[in-house]
Amino acid sequence: MNAPIHSSLGIHVMADQQAYDALEEIFHRIEVRTWRTRVPITIHTYNVEPKLKEWRARMLKTMHQFNIGAMTSGHTIGAFFRLFANDVVPNDVKHALYMDPDAILMANIEELWKHLEPDSLFHWGASMCSGFVLLNLDKLD
């Protein structure tokens, strides 16, 4: 309902093994693959379980100045998947909107792309909510 009006939409879902295994049943139950839309919408799912050990190591190396234990005590590694989107999403995708699963869109998302600044790593709103962020995948690494 809130997909862009003038361009296609690719949805990329990164999941650990357990979530990945459940996705197809969920998609079947809600019949998402049969929805009729005004523009093409594709859903890509990625099982990132094989990458988790490497991602944890990269987090420890890169964020050594932070207490990783404190950062992850209330969150699973899944909370950090957005930081590794460039490892998973195809190279032709230059920007992505990361949304937490509990985010609700109330308007067409096409307007968001007008706020991109080419050299910025990410954009977020005034409240700095990390659950709704525009990411520059080329700069994410």
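Are Trp55 and Phe81 buried or exposed? Trp55 is buried, and Phe81 is too. Buried means under 20% relative accessible area, exposed means over 50%, and partly exposed lies in between (1.4 Å probe, protein chains only).

The model is predicted: local features need pLDDT of at least 70, side-chain atom pairs count only at pLDDT 80 or more, and totals for chains, interfaces and linings use all residues. Residues are numbered from 1 along each chain as its sequence is written, and side-chain values use heavy atoms, with hydrogens and water left out.

Start with the aromatic rings. A search of the whole structure finds two aromatic pairs. Rings of Phe, Tyr and Trp (its six-membered ring) pair if their centres lie within 6.5 Å; planes under 30 degrees apart count as stacked, over 60 as edge-to-face, and the rest as tilted. Trp55 and Phe81 form an edge-to-face pair, with 5.7 Å centre to centre and 70° between the planes. This pair links distant parts of the chain, 26 residues apart. Trp55 sits in helix H2 (residues 52-62), and Phe81 in the loop between helix H3 (68-72) and helix H4 (85-88). Helices (H or I, at least four residues) and strands (E, at least two) are DSSP runs, numbered from the N terminus.

Trp55 and Phe84 form a stacked pair: 4.6 Å centre to centre, 5° between the planes. Phe84 is also in the loop between H3 and H4, 29 residues from Trp55. Trp55 counts as buried because its relative accessibility is 0%. Phe84 counts as buried because its value is 5%. Ring pairs link Trp55, Phe81 and Phe84 into a cluster.

Now the strands. Two strands pair if DSSP finds at least two bridges between them. Strand E1 (residues 9-15) and strand E2 (residues 41-47) pair in the parallel sense over seven bridges. Ala15 stands opposite Asn47 in E2. With helix H1 (residues 17-30), E1 and E2 make a right-handed β-α-β unit. Right-handed means that, with the strands pointing away from the viewer, the path from the first strand over the helix to the second runs clockwise.

Strand E3 (residues 95-99) pairs with strand E5 (residues 132-136) in the antiparallel sense, over five bridges. Tyr98 has Val133 in E5 as its bridge partner. On E3, Ala96 and Tyr98 make up the covered face, while His95, Leu97 and Met99 make up the uncovered one.

One more residue lies further along. Leu121 is found in the loop between E3 and strand E4 (122-123). Leu121 counts as partly exposed because its relative accessible area is 35%.
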